[in-house]
Amino acid sequence: MLPKIDLIRIDGKAENLADYNGKTLLIVNVASYCGFTPQYKDLQQLYLDFNNQGLEILAFPCNQFGSQEPGSSKDIQNFCTESYAVTFPVFSKIDVNGADEHKIFTYLKKRAPGVLGTTKIKWNFTKFLIDYQNISVKRYAPQTAVIEIRKDLVEIISGEN
């Protein structure tokens, strides 16, 4: 079971991580002005390909790395829609490290530490894949291509049936 962690969509709608129990989740910290921003295109395609099989992609804008997400919620929402036709859930801007770190990233970093056990998120587009039973959590570096995640996702989805 996923823990109860409050989430706020970019449009202000309140949700809870526990609302996603039974879904396969790909959770990503995103930014509009990052060298990895074009990954939005592949993330959107992954969402279109697998949403009907239980995948949800949850995007969390973050401005902690090079101030690459400086805009307001409206700016971010417009960017995602107009530049990449994003239809997966995008949430309000958060911190992923430090004193104001959002609880969802505290949870993810404990479940799937990085290289050498480090928990700190190092850059935008760090990704976490959680299987539909919330048993497995896998962490991917920002530079990991979505095609590599697709392979792991197919294994999870095929195990679900």
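Which residues have the most contacts inside the largest nonpolar core? Before I answer, a word on the basis: this is a predicted model, in which local features need pLDDT of at least 70 and side-chain atom pairs count only at pLDDT 80 or more, while totals for chains, interfaces and linings use all residues. Residues are numbered from 1 along each chain as its sequence is written, and side-chain values use heavy atoms, with hydrogens and water left out.

The residues in question are L26, Y40, L43, L46, I57, F88 and V90, in a core of 28 residues. By nonpolar core I mean a set of buried Ala, Val, Leu, Ile, Met, Phe, Trp, Tyr and Cys residues joined through side-chain atoms within 4.5 Å. Buried means under 20% relative accessible area, exposed over 50%, and partly exposed in between, with a 1.4 Å probe and protein chains only. At least two residues of this core come from each of strand 3 (24-30), helix 1 (39-50), strand 4 (55-61), helix 2 (73-84) and helix 4 (146-160). Helices (H or I, at least four residues) and strands (E, at least two) are DSSP runs, numbered from the N terminus. Another core, of 23 residues, lies apart from it and includes L58, F60, Y107 and L108.

Let us turn to helix 2. Its buried residues are I76, F79 and C80. Seen down the axis of helix 2, they fall within an arc of 95°, so they line one face of the helix; the arc is that of the directions from the helix axis to the C-beta atoms. On the other side, K74 and E82 are exposed. Helix 1 and strand 4 are among what covers the buried residues of helix 2, where contact means heavy atoms within 4.5 Å. After helix 2 comes A85, with a positive phi near 50°.

Four strands form an open sheet in the order 4-3-5-6, with mixed pairing; two strands pair if DSSP finds at least two bridges between them. Strand 4 and strand 6 stand at the edges with a single partner strand each, so one side of each has no neighbour in the sheet. Strand 3 and strand 5 pair in the antiparallel sense over 4 bridges, and L25 stands opposite I130 in strand 5. Strand 5 (residues 127-130) is also antiparallel to strand 6 (residues 137-140), again over 4 bridges. In the hairpin of these two strands, with 6 residues between them, N134 takes a positive phi near 60°.
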